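Visitor: I would like a short tour, with questions as we go.
Guide: Gladly. Here is what we will look at.
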Amino acid sequence: MTNQVPGLLSFYFWNAVLLTVVISLVLLAWYRRRVAQGMRRMSRMQAEGSIVDGRTVVAEDPAIGPIDAVADGQSATDMAADERRLRTRLVVVYAAGGAAAAAVSTTLYLVALGDPLYPVRTFALWYIFCWPIVPTLAALLAVPQRRALLGFAAYVLVGALIVGTWTALLRFALGSVDADAVRNVQSYFVLLFLHAWLPFLIILVTGNRRLRSVSPFVLAGLLVFSFSNLVTQNALVAAFDYRMFRDSFTSFDARSMRTLWFMLAALPVGYLCWRGLSWLSRRFECKAFSDTQLLVDSWWLIVAFQQSVDFANNFGWGGLAGLLAFVAYRGIVGVGLRSWRNADRGRGNGRLLLLRVFGFQRRSERLFDIIAQRWRLRGGVKLIAGADLAMRTIDPADFIAFVGGRMQQSFVRSVRDLAGRLDEARDPDGRFRIVKFLCYDDTWRPTLGALLRRSDLVLMDLRGFSAANSGCEFELRQLAVNGLLSRTIFVVDAATDTALLEATVYDQAGEASAVPLHLERLTARSPAGLDRIFQRLCTLAADPPASGRSRPQASIEPPLLPAAP
Amino acid sequence: MSNRPDVERGLALPRKTPLAQGLWFVAIVWSIAAAFLALEFAWPELLRWSIGAGWLPEEIAMPTQERMPAALVCRQADVDAEQAATVDLEDPLAMRQVRYASWMLGQQFGFAAALANAGFADAQTAPLREDLQRWAAMLHLPTPAAPRSVHVLNQLNDFGDHLEADPQCVAARLTRRYGPRYGYLYKFGAVVGYAVPARAQNIGGSFALQIQLYGRKAGIPQELWLPMTLDSLADLPGADPREKVAGVVARLSEHIATSE
């Protein structure tokens, strides 16, 4: 009799959100542990002794590409213009999608009120429902969180200013005595708070950089699971109307019966979820959407759902029409991105390889967040995965492989593995992907060789570098061998053994071909320093080598990689 | 034997055979399902505990007329248009009779509804219904009619909602004529009456929240209604649950019949 729909929807939805946070954290920690374990092991191929001796597979294999793969240069103006165009495209398309969703929500809200249309109120409602556009654009444009929060505050204040000014105009210019600017602004703030506080909080949590790589994916699965729970519960209630069913369960109390029923129903539901997530993963792999698109879509779904719960107070189950806002948003975004295509100038000179001293999770994540994420509008980012960045770089395909027990597919073991991962195409939102290479202890060196040959720029974080970091020494020698020293920015700090750094690279490159190194000193927390590094990378990318990159002078450790099994 | 390293198994551990894979799938799915069930059971318990501790008002977990279809809810305007009282409000004896009749009306109504929902035939509950009519007539009220539930499993909730909706304006009329305590006394009697058959079968806990709220608002001392909200009647005097619950109801009746 009572309209329990709002409560039911809230209950099952927020349970899914709560579990999303917990399960995401558990999975990420587990995944990180597995990556760390894998890095310490040998590949299966070597264990079985099937390396093709002496073959420089990586360097010559057509699947990997030629050694001198530096693209024709784009001018600095071209690169900046391209990025501006892409940013404009994202802003316009996603703002239009958000505005359409807000229009749907506003219409439903006004229908629920049943009052005549008032222009100020209609605008205020629409503007309030538009609020998710701000976090959406912040995520898509890789705006730092502090700046995004300031942007949100500015959005709120601009709305209040418009509502206040408009109401004042109605009162003083048109003589509308009912118009009270102060009261309208107050109502605007109250309504915005009531509608936005909970989804905003969820967006803050799921948008956390540690969680965001898996949280949308986990949320999608758990929402299906959670609402299947609601459906099975209703099915149980209906089944009990039949005496035959009732008589079969007389020996159970209500809670045991509910538990048994749900556990049984969870199996087919779980299978459906798994199929659904696998489908999403395949769609991601074939570039139907980017990881950030998936994230912001999940936010819009959360917002639309929260509005549905509000509408359910008036419309019962009809309140689910609030989800039409999500349909409108996704439809507009899909059409917008398809019809406003990128003027793709190819990959340009933007292929960035990120190298680092392993073992400094926090600072590696910071460098990754500020530079790698921003770089994606200019070019692809590649890196050899490590436990330090595992939680930042896991994507839907990795997630499915990991949970499905097929993590070995994510590790590089052969030429085919490597070739299959060299992804240099843009996603529908115009961004390149961050491609990480999970390597065994005996495959990271050949992988590095291959990546160097497919990179235009290198950013190497050598903070804390010392003689103990033999892996970095190998990387430095490879940079010299591949003639990439002039295309590399070295991030150093007071703890970096710069003498060892110079000795290592010059020893390999030879004094004659020695080039000055691009050293960037960075203190522990320095946003300005990271920004400076980003700008320097942009300059370097827009300044291609005069005559292409020279072939390696000598291979100190021939980059061997086993052939595909 | 393969010497494939452990990491190749990803999250999974024993995944060599289809049976092992199936078991792994079941383990993952049931872990997630168990987490959902834990939340599903934990939130209501937390709410109950918070209300019991006095941190939250009982009303927060109660059905409200605002969330019910208007056609099923008592129209207060109709009640307000009626005659205010049919007895002398200053006469203590008359008011004691009204109080007792309100309690009995509710109790008989709840008891009859519970028996009907439990599958008792009309013939078996006929004496109860006659009693009910007598109490209603004594108070110049319509005889309360039990709600029809679409689903058997929703009968308990539907009765609680029905009582709150008060479609025949029984509680609303008592409130209008004699004061809020009388309306709550009727509702208190109804939830206690509905709970009695279950308590007699040693099944506890139904309408605990309503008993607490209505009992308090009707001015019934806590020690009298508290046993009806507990999961077990083990600490009460009596040979069996039936006798124990009969004792609780008798003490309530005696208090209502004798107190001012």
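Visitor: At roughly what angle do the axes of α7(B) and α8(B) cross?
Guide: Keep in mind that this is a predicted model. Take helix α7 (residues 180–200) and helix α8 (residues 208–217), both of chain B. Their axes come within 8 Å and cross at roughly 150°.

Visitor: Why is α7(B) roughly antiparallel to α8(B)?
Guide: The crossing angle is roughly 150°. Angles over 145 degrees count as roughly antiparallel. So α7(B) and α8(B) are roughly antiparallel.

Visitor: Is the crossing of α7(B) and α8(B) left-handed or right-handed, and which residues of α8(B) make the contact?
Guide: α7(B) passes α8(B) in a left-handed crossing. From α7(B) come Pro180(B), Tyr184(B), Lys187(B), Phe188(B), Val191(B) and Val192(B). From α8(B) come Gln210(B), Ile211(B), Tyr214(B), Gly215(B) and Lys217(B).

Visitor: In chain A, which residues point one way from strand β2, and which the other way?
Guide: In a regular strand, side chains alternate between the two faces of the sheet. Strand β2(A) covers residues 381–384, and these four are buried. Val381(A) and Leu383(A) point one way; the other way point Lys382(A) and Ile384(A).

Visitor: Which residue of β4(A) is the bridge partner of Leu383(A)?
Guide: β2(A) pairs in the parallel sense with β1(A), residues 352–356, over three bridges. There, Leu383(A) partners Leu354(A). β2(A) also pairs in the parallel sense with β4(A), residues 434–439, over four bridges. In β4(A), the partner of Leu383(A) is Lys436(A).

Key
Residues are numbered from 1 along each chain as its sequence is written. Chains are lettered from A and ligands numbered from 1 in the order in which they are written. This is a predicted model: local features need pLDDT of at least 70, side-chain atom pairs count only at pLDDT 80 or more; totals for chains, interfaces and linings use all residues. A residue is buried if 20 or more other C-beta atoms lie within 10 Å of its own, exposed if 12 or fewer, and partly exposed in between; C-beta atoms are placed from the backbone. Helices (H or I, at least four residues) and strands (E, at least two) are DSSP runs, numbered from the N terminus. Two strands pair if DSSP finds at least two bridges between them. Axes are lines fitted to C-alpha atoms, for helices over the stretch in contact, and angles run from 0 to 180 degrees between N-to-C directions. Angles under 35 degrees count as roughly parallel, over 145 as roughly antiparallel, 65 to 115 as roughly perpendicular and the rest as oblique. A crossing is left-handed if the near helix is turned anticlockwise from the far one by less than a right angle, and right-handed if clockwise. Two residues are in contact if their C-beta atoms, placed from the backbone, lie within 7 Å.
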